[in-house]
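Reader: Please take one part of this model and go through it closely. I would like the sheet, strand by strand, followed by a few residues placed around it.

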Amino acid sequence: MRQNESYTIYASGARADTNSADIVNVGYAGGIFTFDVTATVSTATTPSFKIEGKVPGSTKYYRIATITSTANSGVHRVVVYPGVSTANASTVGVVAQEHVSQPLPHIFRIASTGTGSTGTITYSAGIDWLA
């Protein structure tokens, strides 16, 4: 039986608008994505993170979830899992969160936006795989 695991997508660092490399899901139903924003270039910067599934046999992607916060720092969380509900979702220590009731596809990526043409966001990103 598969067990839940954690995976670091990005260690903490300053990044401009970025797409991650493709991430391969090896049999998990979903995951909890956590983005820990620790600094932005200015108060006008609005961090936004996307999870995008890859179209099989293509170089195109489709949006699974987008999370945007007016807070310049803090934890942003996206839960992607079949049947997930917001009814019992804890918001303690989280500045923004989203829940998507669908399985996580085999290949996906994360993307960050909101830095403008010259800005950066300092953040780390990871996933807790859910069996």
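Author: Strand S4 (residues 30-40) and strand S10 (residues 121-130) run antiparallel and are joined by 10 bridges. Strands here are DSSP runs of E with at least two residues, numbered from the N terminus, and two strands pair if DSSP finds at least two bridges between them. Within this pairing, Phe33 has Ile127 of S10 as its bridge partner. The model is a predicted one, in which local features need pLDDT of at least 70 and side-chain atom pairs count only at pLDDT 80 or more, while totals for chains, interfaces and linings use all residues. Residues are numbered from 1 along each chain as its sequence is written, and side-chain values use heavy atoms, with hydrogens and water left out.

S4 also pairs with S7, again in the antiparallel sense, over 7 bridges. As a general point, the strands of a sheet pair through backbone hydrogen bonds, in either the parallel or the antiparallel sense.

Strand S7 (residues 74-80) in turn pairs with S8 over 6 bridges, this time in the parallel sense. In that pairing Arg77 has Gln97 of S8 as its bridge partner. The sheet as a whole is open, has 5 strands in the order S1-S10-S4-S7-S8, and its pairing is mixed. Strand S1 (5-15) and strand S8 (94-100) stand at the edges with a single partner strand each, so one side of each has no neighbour in the sheet. On average, neighbouring strands of this sheet are turned by 10° against each other, direction ignored; the axes behind this angle are lines fitted to C-alpha atoms.

Asn4 sits in the segment before S1. With a relative accessibility of 52%, Asn4 counts as exposed (exposed means over 50% relative accessible area, buried under 20%, partly exposed in between, with a 1.4 Å probe and protein chains only). Beyond its neighbours within four places in sequence, Asn4 is in contact (heavy atoms within 4.5 Å) with Trp129, Leu130 and Ala131. The side chain of Asn4 reaches the backbone nitrogen of Ala131 at 2.9 Å. Asn4 and Gly30 are 26 residues apart along the chain, and their C-alpha atoms are separated by 9.9 Å.

Ser20 is placed in the loop between strand S2 (18-19) and strand S3 (23-24). Its relative accessibility is 8%, so Ser20 counts as buried. Not counting residues up to four places away in sequence, Ser20 touches Ile9, Tyr10, Arg109 and Ile110.

Lys50 belongs to strand S5 (residues 48-54). Lys50 has 17% relative accessibility and therefore counts as buried. Leaving aside neighbours within four places in sequence, the contacts of Lys50 include Arg63, Ala65, Thr66, Arg109 and Ile110.

Of its 131 residues, 39% count as buried. Among contacts with a separation of 6 or more, 70% are accounted for by residues 24 or more positions apart. The accessible surface comes to about 6700 Å², and 51% of it belongs to carbon and sulfur atoms, with areas taken from the Shrake-Rupley method and a 1.4 Å probe.

Notes. Helices (H or I, at least four residues) and strands (E, at least two) are DSSP runs, numbered from the N terminus. Axes are lines fitted to C-alpha atoms, for helices over the stretch in contact, and angles run from 0 to 180 degrees between N-to-C directions. A polar contact is a pair of N or O atoms within 3.5 Å; within protein, one must be able to donate a hydrogen and the other to accept it, and residues adjacent in sequence count only if both atoms are side-chain atoms.
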